[in-house]
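Work through the exercises below with the sequence and the model side by side, and try each task before reading its solution.

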Amino acid sequence: MSKQEKKDQTQELIKETTKNLFFVQGRFGATTQEIADEAGVNRTLINYYFRSRDNLIQIVFDEAQRVEKEKSDIIQESDLPFKEKITHFIENSLQTSLQYPYLETYIVSQINNGCFHRKDIDEKHKEQILKDIQVEMDKGNIEKMEPIQFIFNMISLLVFPSAVRPLFMENMMIDDKEFDRLISDRKDIILNILFKN
């Protein structure tokens, strides 16, 4: 293995470890030492490869935003019928929730801390999705409400269970495997709540 390959592997290991600590375990306050210990590397390597913990966190934050943008693109870029687009968005969101249960919570916490956030949707796409929702309401496929309320409902149904995962697991006395099974079963439940038919 070349020196560059080893460097690339170590950088990737540190990034993946940080993502695991933040997005899978929900340990947003993990220190540089904790990240290094979890990755099995010397703490100085984090500063060597990423200059600082803050730079590493910014890289991880940017990757988290990229994942969220990819989910939004499902709705914005697709020519599928509305319900199919929403179905794909829900499936993708639930898969992401299973892989990274604390991703959305992390992004919101970073925005609350003043981190820069790129919009996942532009004005043109926002207007189009709201118009599409209104059309579906006019057809009788969705309960009548302000179109933005449909988006609130969909995002709440998708994100809230993962956001309260530890609290829910403790109060309902269920383990990770059972919680993941419940998340996996949510697609049809969410679609049945959002759509009349």
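This is a predicted model: local features need pLDDT of at least 70, side-chain atom pairs count only at pLDDT 80 or more; totals for chains, interfaces and linings use all residues.

**Exercise 1. Surface and overall build**

Solution. Residues are numbered from 1 along each chain as its sequence is written, and side-chain values use heavy atoms, with hydrogens and water left out.

The C-alpha atoms fill a box of roughly 60 × 45 × 35 Å along the principal axes. Of the 197 residues in the protein chain, 40% are buried; buried means under 20% relative accessible area, exposed means over 50%, and partly exposed lies in between, with a 1.4 Å probe and protein chains only.

Finally, consider contacts, meaning heavy atoms within 4.5 Å: among those in the protein chain between residues at least 6 apart in sequence, 64% join residues at least 24 apart.

**Exercise 2. Aromatic pairs**

Task: find how many aromatic pairs there are, and work out why Phe 61 and Tyr 106 are classed as they are.

Solution. Start with the rule, by which rings of Phe, Tyr and Trp (its six-membered ring) pair if their centres lie within 6.5 Å, with planes under 30 degrees apart counted as stacked, over 60 as edge-to-face and the rest as tilted. By this rule the count comes to 11 aromatic pairs. One of them joins Phe 23 and Tyr 100, which are edge-to-face at 5.6 Å centre to centre with 85° between the planes. Because Phe 23 lies in helix α1 (residues 3–24) and Tyr 100 in the loop between α5 (82–99) and α6 (103–112), this pair ties together parts that are 77 residues apart in sequence. Phe 23 and Tyr 100 are both buried.

Turn now to Phe 61 and Tyr 106, whose ring centres are 6.3 Å apart and whose planes stand at 65°, so this pair is edge-to-face. The pair links distant parts of the chain, with Phe 61 in helix α4 (residues 53–77) and Tyr 106 in helix α6, 45 residues apart. Phe 61 and Tyr 106 are buried.

**Exercise 3. Nonpolar cores**

Task: identify which residues of the largest nonpolar core touch the most other members, and which element gives the most to this core.

Solution. A nonpolar core is a set of buried Ala, Val, Leu, Ile, Met, Phe, Trp, Tyr and Cys residues joined through side-chain atoms within 4.5 Å. The largest has 23 residues, of which Phe 82, Ile 86, Ile 90, Phe 150, Leu 194 and Phe 195 touch the most other members. Two or more residues of this core come from each of α4, α5, α7 (123–139), α8 (147–163), α10 (176–184) and α11 (186–194). Within this core α5 gives the most, with five residues. Apart from it lies another core, of 22 residues, among them Ile 14, Ala 30, Ala 64 and Val 67.

To examine one member, take Phe 195: not counting residues up to four places away in sequence, Phe 195 touches Phe 82, Lys 83, Ile 86, Asn 141, Ile 142 and Phe 150.

**Exercise 4. Individual residues**

Task: decide whether Thr 10 counts as buried or exposed, and do likewise for Arg 51 and Met 173.

Solution. Thr 10 is found in helix α1 and, at 14% relative accessibility, counts as buried. Leaving aside residues up to four places away in sequence, Thr 10 touches Val 41, Leu 45 and Tyr 49.

Arg 51 sits in the loop between α3 (43–50) and α4, where its relative accessible area of 64% makes it exposed; its phi is near 75°, a positive value in a residue other than glycine. Met 173, in the loop between α9 and α10, counts as exposed at 74% relative accessibility, and phi of Met 173 is near 55°, a positive value in a residue other than glycine.

Conventions: Helices (H or I, at least four residues) and strands (E, at least two) are DSSP runs, numbered from the N terminus.
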